[in-house]
Amino acid sequence: MIDNNEKKCRHLAVIMDGNGRWAKAQGKPRTAGHMVGADNVRTIAIAAAEMGVEYLTLYAFSTENWKRSKDEVSYLMKLPAIFFKKYMKEFLDRGFRIRIIGEMDDLPESTAAVLKEAETESEKNTGLSLNIAMNYGSHREILLAAKAYAEDYKNGSAGDLDEELFESYLMTKDMPPVDLLIRTSGEMRISNYLLWQIAYAELEFVPESWPEFTPEVLRRCLEEFRQRDRRFGGVKNV
Ligand code: IPE
Ligand code: IPE
Ligand code: MG
C-alpha cells in the first residue's frame, strides 16, 4: 500500500553550494555568485511552494564560513538586507513565513535586525515556511539545546529527556523532520547541517551549482524522491 504522506516531501532542506566556483568560471568575483545565488533563493522558494513543499530550509551561512576572507564575509552579511528589500513584499503577498535558524547574536547588528524584521513581519503567515540558516551549525545547535535542557532540568521546569522533548530545544522546533536534503555543486558531504533533523532524510547530490539550480532541476529531484522506497527501518510492504 502506498502511503501518500510517505511520498510527500513536506520538508526540503538545501545546501546551496557552488556560488563561488560558478562565478569564477564566468570570470567574475565570488560575490557575484552570491548575488545570483540570492536571487535564485526567490525563484526556488516560489517553485518549491508551487510543488507542494511546506518547509524549505536553506543553508545560507555556516558557523564555519567565518573562516572566509573579510570581504566575502562582509558581503554575505549585507546580502540579507539587499535580498529582503527586493523580495519581502512578494513573499508576504505569497503568504510565506520567514524563519531564521542560527545564532543571531553573533551576527552584525544590522544583519540580525533585518532578519528579525523579516521573521516578525511574516510570523502570522501560513504559507511556505522559508527557513534561512544563517550562522548555523548543527554541533552548536545540539550543544545549545543540551545546555538549555540541563538548565531547565536543574531548576525543575523540565522532566526526563526523550526525543520529542529534545527536539523542542532545537532551532527547528515545530518543524517536521527533513524529508529530502539536496546539496548542489557535486560535493558529497553534510558540512554540519541539520544532523539531528536528517536522521531519515533522503539525500540527493546534484552536479549543478546553486546559481544553475532551476525549478526544472528541483522538479527532477522531487520526482527522484518519490521513486525512493522509504522504509524507516521497517520492511517493505508488498
Ligand atoms: C555556497 O557557495 C554559499 C556559501 C557557502 C555562503 P560557496 O561560496 O561555498 O561556493 P563554492 O563552493 O566555493 O563554489
Ligand atoms: C556549506 O557550504 C555551507 C553553506 C552552503 C552555507 P561550504 O562551501 O561552506 O561547505 P564546505 O566547506 O565545502 O564543506
Ligand atoms: Mg562551497
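A crossing of two helices is called left-handed if the near helix is turned anticlockwise from the far one by less than a right angle, and right-handed if clockwise. By this criterion α4 passes α5 in a left-handed crossing, whereas the crossing of α3 and α4 is right-handed. The structure is a predicted model, in which local features need pLDDT of at least 70 and side-chain atom pairs count only at pLDDT 80 or more, while totals for chains, interfaces and linings use all residues. Residues are numbered from 1 along each chain as its sequence is written, chains are lettered from A and ligands numbered from 1 in the order in which they are written, and side-chain values use heavy atoms, with hydrogens and water left out.

The secondary structure elements are DSSP runs numbered from the N terminus, with helices (H or I) of at least four residues and strands (E) of at least two. An open sheet of six strands has the order β3-β4-β2-β1-β5-β6, with parallel pairing. Its edge strands are β3 and β6 (202-205), each of which pairs on one side only. Two strands are taken to pair if DSSP finds at least two bridges between them. On average, and with direction ignored, neighbouring strands of the sheet are turned by 20° against each other. Angles run from 0 to 180 degrees between N-to-C directions, and axes are lines fitted to C-alpha atoms, for helices over the stretch in contact.

Five bridges connect β3 with strand β4 (residues 129-136), and the two run parallel; Arg97 stands opposite Ser129 in β4. Strand β2 (residues 55-62) also pairs with β4 in the parallel sense, over seven bridges, and Thr57 has Asn131 of β4 as its bridge partner.

Helix α5 (residues 109-122) packs on this sheet, touching β3 and β4, and its direction makes about 140° with that of β3. Helix α4 lies across β2, β3 and β4 and runs at about 170° to β4. Contact here means heavy atoms within 4.5 Å.

How are α4 and α5 placed relative to each other? They pack at an angle of about 15°, with their axes 9 Å apart, and are therefore roughly parallel; this term covers angles under 35 degrees, with over 145 counted as roughly antiparallel, 65 to 115 as roughly perpendicular and the rest as oblique. The contact involves residues of α4 including Met77, Phe84 and Leu92, and residues of α5 including Val114, Leu115 and Ala118. By class, it has nine nonpolar, two polar and one charged residues. Ala, Val, Leu, Ile, Met, Phe, Trp, Tyr, Cys and Pro count as nonpolar, Asp, Glu, Lys and Arg as charged, and the others, Gly among them, as polar.

Helix α4 (residues 70-93) also packs with helix α3 (residues 30-50), at an angle of about 30° and with axes 10 Å apart. That angle makes α3 roughly parallel to α4. Among the residues that meet are His34, Met35 and Arg42 in α3 and Tyr75, Phe83 and Glu90 in α4. This contact has 11 nonpolar, two polar and six charged residues.

Elsewhere, Ile142 lies in helix α6 (residues 138-154). Ile142 is partly exposed, with a relative accessible area of 27%. Apart from neighbours within four places in sequence, Ile142 is in contact with Phe166, Leu170 and Trp196.

Key
Buried means under 20% relative accessible area, exposed over 50%, partly exposed in between (1.4 Å probe, protein chains only).
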